[in-house]
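Please look over the sequence and the model below before reading on. The paragraphs after it are meant to be read with both in view.

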Amino acid sequence: MTQPSGRATVVLLRGSGDDDFAFLGPTLARNRRVVIVDLSVTSKRSSDEWTRELAEAGDDCCVIAVGAHADEAVRATLDTRGVVSRLVLIEPEFDGTAPETGALPVLVLASGEPGLGDVRGTLRERPARILSTIEDFLDDAKPPSRRSSRPPAAVSRPPVGDVDLQARPLRDHSTSAVEVDTVIVGAGFAGLGAGIRLARRGDKSFVILERAGDVGGTWRDNTYPGVACDIPSHLYSFSFLPKPDWSNFFASGREIHDYLRDAVRSEGLEGHLRLRSEVLEMRWLADELRWRVTTSSGEYLCRTLIVAAGRLSDARMPDVPGLDSFAGPVMHSSTWDDSVELRGRRVGVVGTGASAAQLIPRLADVAASVVVFQRSAPYVVPRPDREYTLDEQRRFADDPSAHEALRDELFWGAETAFAERMRVPGFIDRLRDRALGHLEAQLDDPSLRAAATPDYEIGCKRVIISNDYYPALASPSVTLEPSALRSISDRVATSAGCASFELDVLVFATGFESTRPPFAARTYGADGIRLSDAWADGMRAHASTTVHGFPNMFVLDGPNASLGHNSAVVMIEAQIDYVLAALDHRDAVSVDAIDVSLEAQDAYTHEIDAKAASTVWLTGGCDSWYVDERSRRLTLLWPDFAYAFQRRLSRFDAENYAVIEAPRMAPALQSSIPSP
Ligand code: NAP
């Protein structure tokens, strides 16, 4: 994928008031050179001064000014004809008439423009919205669509429970391979999203393989007490399948699971689902130019393989000496067993990530005592949850534009947080202050406060959103042990800090095999290379989706496709668009297979590494599941704004792919074969 053209230097005309460019300056600088001209020092420059000043910026620059400085920007542009190639005026204090700048492209961002509302307010509250518009203008890019590809279907959906997915009979494929165009592996958000989009375009020949007996991925697996999503519900759902009646700002795990089960029914995916079909091997058959997918319930042959196996699917259990000797029940947060009695029991919880922070308050409510083994303290910020009123739900159902406006507001609000992950001063400081203020407000005991204070920069690990985590830590039944679990002997758990606790139940909230996805060890590409070997020093892909040597394979929610600051669903949607465009291209040029070039994959990886280098994920002084432990590369997260990912994947870059075709018979040879 080539870089967008038009990398003009950006000249920001800064005045003396509030710094309008606190966000725009550093964020524009991630892709291009930024020069700041301080108008508060010398205003009203002469023609000569402007010529000198802007000539230093280069002979192709874009001048950006806010408010009253628009006048000066226009004057500088006119004074130095030829140097300035574009002009951006944010809420200029003009009377509505466009400035006289001849043929020069000018972007005027004024209040009332679609999506911008009050521009100065947007610049303060949702500045990424302004940034993306400017970047589209600078790069001559068409903004990628975030719109629904079908009107809301939720109102006509049958209620949950009408069809029991788990009871659906399975076809017996044990005797011969089933041939389909596409195999999708995994029936979570990504796999179902891909299935819905294929079905909506009329594709019928696909199956969705799922090792479990139900759909829903992480929202099926994680049923621990308190499980919920910390991304707003209206954003954590498909744009093409809106649900106007989410009950709360943040949805519970159960409600999200129901949403996905409903999606299967309303989109008629039941016939494509193959439940209890665990993938044992995926192998590219170079002679046949097809994938052979071997599952626990039979074999499939397909041209296209979409791997949507998730990044939080396989539990990670630490190697704790003596764990086998533990006399009571042991559970991982993602394999919760409701039948385990917790009331009145002494429960140990290992871990303090997002899962632990949700389940600890619930355990504290029922258990006799809870010991939390904390290897490192999380940052926690307040959780602004609330119920949606019936009126709001009705309005979102009746007026799709109101619903879309809400999604837009949520999306651009979340995008601002990437400036925190970029460590933009002011932004990261405000986030840190919010978290430490929350800690101070909720924990009185100085020693508990000290133990719960993180020793790394905020955002390095996922920031927890909770109002009841700290109160739970402070409750008399909970002990915060500020060190890892080191060993177990019968009922006694001993920490790295040498404290011992007698326990009845052990809960591991210790995360997932995110950096080494187990499906990679079962996937063999061209020349028999195993994906886990290709990824021996960490996952890598082109466009976060295709892997060199694995033709016609697309990985959703895989390398550098997760987010730490916005909804994973928008990333999945961008990837699905990219995959469908790739399939369309492959059909249009009538080739059997496409394989991304190693050069393109290397270039993309290089770009990811360069973008990631200064983010808090690599510089914040912590270990997290976002970073590969072998190479220390950021392999899980996309190190940029989500809109930048949408934009990046909005075009299928065929030039970066080699085509593979089955050997065709030469015409002379063909004509020598007698007709039957
Ligand atoms: P996680 O973020 O990987 O956290 C695992 C926790 O276990 C960490 O606190 C880790 O400590 C600790 N740990 C691992 N081995 C340990 C040991 N031997 N002794 C003591 N502690 C140990 O896993 P998670 O909480 O399941 O969350 C994973 C991801 O799922 C989240 O980042 C998020 O993306 C998603 N999630 C989201 C929500 C939500 O929306 N609210 C809820 C749950 C999960 P260190 O920090 O020291 O490594």
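What follows goes through the nonpolar cores, then a glycine in a loop, and finally the cysteines.

This is a predicted model, in which local features need pLDDT of at least 70 and side-chain atom pairs count only at pLDDT 80 or more, while totals for chains, interfaces and linings use all residues. Residues are numbered from 1 along each chain as its sequence is written, and side-chain values use heavy atoms, with hydrogens and water left out.

A nonpolar core is taken here as a set of buried Ala, Val, Leu, Ile, Met, Phe, Trp, Tyr and Cys residues joined through side-chain atoms within 4.5 Å, where buried means under 20% relative accessible area, exposed over 50%, and partly exposed in between, with a 1.4 Å probe and protein chains only. The largest such core has 146 residues, and the members that touch the most others are L24, I64, I90, I134 and F189. Helix α17, residues 568–588, supplies the largest share of this core with 11 residues; helices (H or I, at least four residues) and strands (E, at least two) are DSSP runs numbered from the N terminus. Apart from this core lies another, made up of 28 residues that include V180, V207, W284 and V293.

G353 sits in the loop between β13 (346–350) and α9 (354–366), and because its relative accessibility is 30%, G353 counts as partly exposed. Although G353 and A509 are 156 residues apart along the chain, their C-alpha atoms are separated by 7.2 Å.

How many disulfides are there, if a disulfide is a pair of cysteine sulfur atoms within 2.5 Å? The count comes to one, formed by C460 and C622 with their sulfur atoms 2.0 Å apart. C460 lies in the loop between α14 (446–451) and β16 (464–465), and C622 in the loop between α19 (616–619) and α20 (642–648), so the pair ties together parts that are 162 residues apart in sequence. Because the torsion about the S-S bond of C460 and C622 is about -90°, the disulfide is left-handed, and both C460 and C622 are buried.

C61 counts as buried because its relative accessibility is 0%, and C62 counts as buried because its relative accessibility is 0%.

Technical notes. Disulfide = S-S within 2.5 Å.
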